[in-house]
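Here's a quick briefing to read alongside the model. Have a look at the structure, then work through the points below.

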Amino acid sequence: GSIFGGMSKTAPGLEYLPFPMGFLSVLYIAIALLYFFPVLYLYKFSDKMKVALRSTSTDALTEAFYNLGVLYGSSNHPDKAIANYIRSIELNPDYTEALANLGIIYAKEGDSEKALTCLYKSLKLKPDSVEILYNIGAVHFNNGELDKSESILQKVIEISPGHHMSI
């Protein structure tokens, strides 16, 4: 049956394990899924960095720092994520995704002033972004600014009535 199913026949004593051998297969798959996205963004970073170094491409370098920011942000290293998003924005001040992600990290860290600054800058670049509007509304809500939050979240509903964030 499972990847490790035949091991109990070749390795004496494994039949006494307190769990079925198929459990190890599921455990290994779960571990692989857990590490997939951090490794993916690390790969994207290294790939863009190689391109940037070979061609002195600012766009590739911007993407490389952005991908490293995503990696650190998803790995619970907000300071490193912030530093890499800032590097990315220094290279391209109009990089909407980096501005929005930086705003989200600042919001998670409790710095709503910086969060709103970044999110509103990204909204100027992408005025119909449901995700950016939703995050701005969430920051205002968490600050107790319910009127601002309600008006912004109303825009989310107007732009995308069926979107999961507008419900």
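The chain has 8 helices and 0 strands, where helices (H or I, at least four residues) and strands (E, at least two) are DSSP runs, numbered from the N terminus. Read from the N terminus, the elements go α-α-α-α-α-α-α-α. Bear in mind that this is a predicted model, in which local features need pLDDT of at least 70 and side-chain atom pairs count only at pLDDT 80 or more, while totals for chains, interfaces and linings use all residues. Residues are numbered from 1 along each chain as its sequence is written, and side-chain values use heavy atoms, leaving out hydrogens and water.

**The chain overall**

- Of its 167 residues, 32% count as buried (under 20% relative accessible area, with exposed meaning over 50% and partly exposed in between, using a 1.4 Å probe and protein chains only).
- The chain exposes about 10600 Å², and 60% of that comes from carbon and sulfur atoms (areas come from the Shrake-Rupley method with a 1.4 Å probe; for residues, only the protein chains shown count as cover).
- Take the contacts (heavy atoms within 4.5 Å) between residues at least 6 apart in sequence: 35% of them join residues at least 24 apart.

**H3 against H4**

- Helix H3 (residues 58-74) and helix H4 (residues 78-91) pack at about 160 degrees, with axes 8 Å apart (axes are lines fitted to C-alpha atoms, for helices over the stretch in contact, and angles run from 0 to 180 degrees between N-to-C directions).
- H3 and H4 are therefore roughly antiparallel (angles over 145 degrees; under 35 is roughly parallel, 65 to 115 roughly perpendicular and the rest oblique).
- The residues making this contact include Phe-65 and Tyr-66 of H3, and Asn-84 and Tyr-85 of H4.
- The contact residues of H3 and H4 split into 9 nonpolar, 6 polar and 2 charged (Ala, Val, Leu, Ile, Met, Phe, Trp, Tyr, Cys and Pro are nonpolar, Asp, Glu, Lys and Arg charged, and the others, Gly among them, polar).

**H5 against H6**

- The axes of helix H5 (residues 96-108) and helix H6 (residues 112-125) come within 7 Å and cross at roughly 155 degrees.
- That makes H5 roughly antiparallel to H6.
- Among the residues that meet here are Leu-99 and Tyr-106 in H5, and Cys-118 and Leu-119 in H6.
- This contact of H5 with H6 has 9 nonpolar, 3 polar and 2 charged residues.

**Zooming in on Thr-96**

- Thr-96 sits in helix H5.
- Its relative accessible area is 11%, so Thr-96 is buried.
- Leaving aside residues up to four places away in sequence, Thr-96 touches Ser-122, Leu-125, Lys-126 and Ile-132.
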